[in-house]
Amino acid sequence: MSSDPTVQPVPASVEERVDAADTTLHNPKWAVVSLGSNLGNRLETLQGAIDALADTPGMRVKAVSPVYETEPWGVEPGSQPNYLNAVVLVKTTLPPGSLLERAHAIEEAFVRVRDERWGPRTIDVDIVSYQDVVSNDPQLTLPHPRAHERAFVLVPWHDVDPAAELPGRGPVEELLTHVGREGVTPRSDVELRLPE
Ligand SMILES: Nc1ncnc2c1ncn2[C@@H]1O[C@H](COP(=O)(O)OP(=O)(O)OP(=O)(O)O)[C@@H](O)[C@H]1O
Ligand SMILES: Nc1nc2c(c(=O)[nH]1)N=C(CO)CN2
C-alpha cells in the first residue's frame, strides 16, 4: 500500500472487481487455429507459422496436431496440389480481432514462395474457434463458418482434443461421423514441433 497519506486505500473488493473485469490480464482464452499449405516447402511453412504464433506476445501454443496430407477441398479435383494441414491449440490474452490480425500478418510473411516468380498464397491461417464466442461478423465469423464440414480441420483437432466442441455445432467427434475422413491421410513420417 502507498505511504502517501493523501492516497486512500482501495478496498480489496473493488480491486477484485477491477481485476475480474480486466479479461486481457487475467483471463487467457483458448483458441483453435487451422493451418494449411499447398505450395512450396509445406512442412517448413507450417512450422514457420507455428513458431510465429508462439513468438506473439500474449500467445502460448499449447498443442500441435499431427500432420495430414489432404485433398484440396471445395475446388475441382486435380486443379490444385494437395495440402498439408494441421491444427494448433493456443491460449491467448489477445482479443479475437487481434488474433485474426496476427493470423493475417503471418499469412503475409509467407505469401511469396522463393520460386521463379512471386507465387500465390503458401499458407492459410484460419481461426476455427475462440473459446465459446459465436459471431456473424464477416470480418471474423466465429466459429469459422465452414469448419464443421471440413475433415482437414476436424480430424487433426480431434487428435489434440478428443472432447472438443465446436460452439453452436456440437462435439467434434460427432461432426466427424457425418463428415468422414476421406481425403485426409496421416503423414506419420513428418512432425511439427511444439515451440518451447
Ligand atoms: N474465422 C475466421 N478465420 C479467418 N478468417 C476469417 C474468419 N471469419 C471471417 N474471416 C475473413 O475471411 C477473409 C478471407 O479469408 P481467407 O483468405 O483465409 O479465405 P479462404 O482461405 O479463401 O477461404 P475460407 O474462409 O473458406 O478458409 C479474411 O480476410 C477474414 O477477414
Ligand atoms: N484440403 C484442404 N483444402 C482446402 C484448404 C485446406 O487448408 N486444406 N483451405 C482452403 C481455403 O481455406 C480451401 N481448401
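**Around the ligands**

Modeller: Happy to! Around ligand 1 you will find Leu100, Asp124, Asp126, Ile127, Gln139, Leu140, Thr141, Leu142, His144 and Arg146, where a residue is near a molecule if its C-beta atom, placed from the backbone, lies within 6 Å of it. This is a predicted model, in which local features need pLDDT of at least 70 and side-chain atom pairs count only at pLDDT 80 or more, while totals for chains, interfaces and linings use all residues. Residues are numbered from 1 along each chain as its sequence is written, and chains are lettered from A and ligands numbered from 1 in the order in which they are written.

The ligand 1 shell holds four nonpolar, three polar and three charged residues (Ala, Val, Leu, Ile, Met, Phe, Trp, Tyr, Cys and Pro count as nonpolar, Asp, Glu, Lys and Arg as charged, and the others, Gly among them, as polar). Strand β5, residues 124-130, gives the most to that shell, with three residues (helices, H or I of at least four residues, and strands, E of at least two, are DSSP runs numbered from the N terminus).

Leu142, one of the residues around ligand 1, is joined to Pro143 by a cis peptide bond with omega about -15 degrees. Pro143 lies in the loop between β5 and α5 (151-160).
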